[in-house]
Amino acid sequence: MHVMLPENLFNILSDPTRLRSLMLILEEQEICVCELTFTLEVSQPKISRHLALMRDAGVVTARREGTWMHYRFNVDLPSWASESIEQIFQKLRSLEQFSNDRRRLKTMSNRPGEVSCG
């Protein structure tokens, strides 16, 4: 991973799909690609591209479980970056758009850990 610069972090957060994905990752601690495609109503390739950008920037980490990829917030970010993201999360999580995303995610059947994703 390269050095995290403020302009890189804020560029990552400037895209609505990436911001909404990160908000859900922070809320859930870990989330599967299939949960993001369901919740955000975005195609799997598009979600995967956004997650790859966030992973390459060091904002999230990934782990594979079978055919599914699960993403978590990267706890090894520099403190200024993780504190900035935490502040953003705390200030924005009550906004309607993010509340709606959390509500929609809860309506998903067959979430990972319940049965199987897909």
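Visitor: How many of the eight residues of α3 are buried?
Guide: Buried means under 20% relative accessible area, exposed means over 50%, and partly exposed is in between (1.4 Å probe, protein chains only). Helices (H or I, at least four residues) and strands (E, at least two) are DSSP runs, numbered from the N terminus. α3 is largely enclosed by the rest of the structure, because its buried residues number seven of the eight.

Visitor: Before we go on, what kind of model is this?
Guide: Residues are numbered from 1 along each chain as its sequence is written, and side-chain values use heavy atoms, leaving out hydrogens and water. Local features need pLDDT of at least 70, side-chain atom pairs count only at pLDDT 80 or more, and totals for chains, interfaces and linings use all residues, as this is a predicted model.

Visitor: Back to α3, then. Which elements do its buried residues pack against?
Guide: The buried ones are Val33, Cys34, Glu35, Leu36, Thr37, Thr39 and Leu40. Contact here means heavy atoms within 4.5 Å. By that test, the partners of the buried α3 residues are α2, β1, α4, β3 and α6.

Visitor: Is Cys34 buried or exposed?
Guide: Cys34 is part of helix α3. Its C-alpha is 7.2 Å in space from that of Gln44, ten residues away in sequence. With a relative accessibility of 7%, Cys34 counts as buried.

Visitor: What is the phi of the residue that follows α3?
Guide: That residue is Glu41. Its phi is positive, near 55°.

Visitor: What about Asn110: what is its relative accessible area?
Guide: Asn110 sits in the segment after α6. Though not a glycine, Asn110 has a positive phi of about 60°. Asn110 is partly exposed, and its relative accessible area is 38%.

Visitor: Let's zoom out. What pattern does the protein chain follow along the sequence?
Guide: Its secondary structure comes to six helices and three strands. Reading along the sequence, you get α-α-β-α-α-β-β-α-α.

Visitor: What is the radius of gyration of the protein chain?
Guide: The C-alpha trace spans about 40 × 30 × 20 Å along its principal axes. The radius of gyration is taken over C-alpha atoms, and the globule rule is 2.2 Å times the number of residues to the power 0.38. For 118 residues, a compact globule would come out near 13 Å, which agrees with the chain's 14 Å.

Visitor: What share of the residues of the protein chain counts as buried?
Guide: The count runs over 118 residues. The buried share is 44%.

Visitor: Which residues does Met54 touch?
Guide: Leave out residues up to four places away in sequence. What remains is Ile12, Arg18, Ser21, Leu22, Ile25, Val59 and Val60.

Visitor: Is Thr17 buried or exposed?
Guide: Thr17 lies in helix α2. Not counting residues up to four places away in sequence, Thr17 touches Leu40, Lys46, Ile47 and His50. Its relative accessibility is 13%, so Thr17 counts as buried.

Visitor: How far apart in space are Arg20 and Gln87?
Guide: Arg20 is in helix α2. Setting aside neighbours within four places in sequence, Arg20 contacts Thr39, Leu40, Gln97, Phe98 and Asp101. Gln87 is 67 residues from Arg20 in sequence, and C-alpha to C-alpha they are 15 Å apart.

Visitor: One last stop: what separates the C-alpha atoms of Asn100 and Gly58?
Guide: Asn100 lies in helix α6. Asn100 is partly exposed, at 33% relative accessible area. Asn100 and Gly58 are 42 residues apart along the chain, and their C-alpha atoms are separated by 27 Å.
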